[in-house]
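Subject: Handover of a structure and notes on it

Dear colleague,

Please find the structure below, followed by an account of what was found in it. I would be grateful if you kept it open while reading.

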Amino acid sequence: MTTRLADIAAQAGVSEATVSRVLNGKPGVAATTRQSVLAALDVLGYERPVRLRQRSEGLVGLITPELENPIFPALAQVIGQALTRQGYTPVLATQTPGGSTEDELTEMLVDRGVAGIIYVSGLHADTTADMQRYERLRAQGVPFVLVDGFSPKVQAPFISPDDRAAMALAVTHLASLGHTRIGLALGPKRFVPVQRKIEGFVRAVQEQLGLSAETVETELVQHSLYTLEGGQAAASALMDRDCTAVVCASDMMALGAIRAARQRGLEVPDDISVVGFDDSPLIAFTDPPLTTVRKPVPAMGQAAVRTLLEEIGGTPAPHSEFVFMPELVVRGSTASAPGDRNRP
């Protein structure tokens, strides 16, 4: 027991006496300190004493796309932790190809009496989808928040990164390195984040390089799937059009772009520069480390929870979109344009 106390105290950064007070349910411990001790218990794999197990305020559903893209588990973790801190129990419902649809998952969560639902990159992001499903959900009295995607037809709070600004950051960075043929690899055009990225990309290339909007859209934008293979196919098409740099709409696509370059015997970043989007976990450790536009996942996840809990508490957020600024993270996958390197 003494060894265990010492381990937990070291992990939590508190004294053994404080750990003992928390484990025995004694008063006089700050809430943040108590949380640190409970987190240390969880990290070290110890079971919490029965008296310390929280009674849940209720279930909150979190519906995400597949978890192969590491940005979705990262966002789910932020949202799950924020809900748990507020006493709620998160229920993760994941869509997989051939599995349950968003509507089926919604019905399952509603049947289980969830207090609210957070949707990540759901049908609300698809401009071809019927938005009536969300109005029906609202009519059932279930609060919800929508992350990544916007529709003027849905009366709900939305949480989004600034996709247009993200593209401006990437293009400005590449143009400053002397690249004049910059391509954009991204997913199907029907999705709102894709449309916004195209708008930001076209405007940035016009401003930085003086190309016409028509030229940019027809020659420098390539649609594919949000997968490694999709990025590989899109980047390959853009390299056929003499692009010396490729901006990708996800880090997974960027890894595919690097693979496409290597299959042609090209070096990244010596022969071609690649920029990702998300700054997914572990992406700093790829070869080369990926330059990417960081999606503000912690801020977005916490805002989604805060907004949903306000709705649950009876103070609905306005029909509005909370937009979060991304950040350029420069690593090893971008460098001066090949013909630009010998300039004084």
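Gln-222 is located in strand 7, which spans residues 221-223; strands (E, at least two residues) and helices (H or I, at least four) are DSSP runs, numbered from the N terminus. This is a predicted model, in which local features need pLDDT of at least 70 and side-chain atom pairs count only at pLDDT 80 or more, while totals for chains, interfaces and linings use all residues. Residues are numbered from 1 along each chain as its sequence is written, and side-chain values use heavy atoms, with hydrogens and water left out.

Is Gln-222 buried or exposed? Gln-222 counts as buried because its relative accessibility is 18%; buried means under 20% relative accessible area, exposed over 50%, and partly exposed in between (1.4 Å probe, protein chains only). Its side chain forms a polar contact of 2.4 Å with the side chain of Arg-241. A polar contact is a pair of N or O atoms within 3.5 Å; within protein, one must be able to donate a hydrogen and the other to accept it, and residues adjacent in sequence count only if both atoms are side-chain atoms. Leaving aside neighbours within four places in sequence, Gln-222 is in contact (heavy atoms within 4.5 Å) with residues including Leu-184, Ala-237 and Arg-241.

Thr-227 lies in the loop between strand 7 and helix 10 (228-240). At 28% relative accessibility, Thr-227 counts as partly exposed. Its side chain reaches the backbone nitrogen of Gly-230 at 2.9 Å. Not counting residues up to four places away in sequence, Thr-227 touches Met-252 and Met-253.

Strand 6 (residues 182-186) pairs with strand 8 (residues 245-248) in the parallel sense over four bridges, and Ile-182 stands opposite Ala-245 in strand 8.

Elsewhere, strand 3 (residues 116-120) and strand 4 pair in the parallel sense over four bridges, with Ile-118 opposite Val-145 in strand 4. In a regular strand the side chains alternate between the two faces of the sheet. Strand 4 (residues 144-147) is covered on both faces: Phe-144 and Leu-146 on one side, and Val-145 and Val-147 on the other, are all buried.

Which residues of helix 3 are buried? They are Val-37, Leu-38, Ala-40 and Leu-41. These residues cover an arc of only 155° around the axis, which puts them on the same side of helix 3; the arc is that of the directions from the helix axis to the C-beta atoms. On the other side of helix 3, Ala-31, Thr-32 and Val-43 are exposed.

For the protein as a whole, the secondary structure comes to 12 helices and 12 strands. Of its 344 residues, 48% are buried.

Yours sincerely

Technical notes:
Two strands pair if DSSP finds at least two bridges between them.
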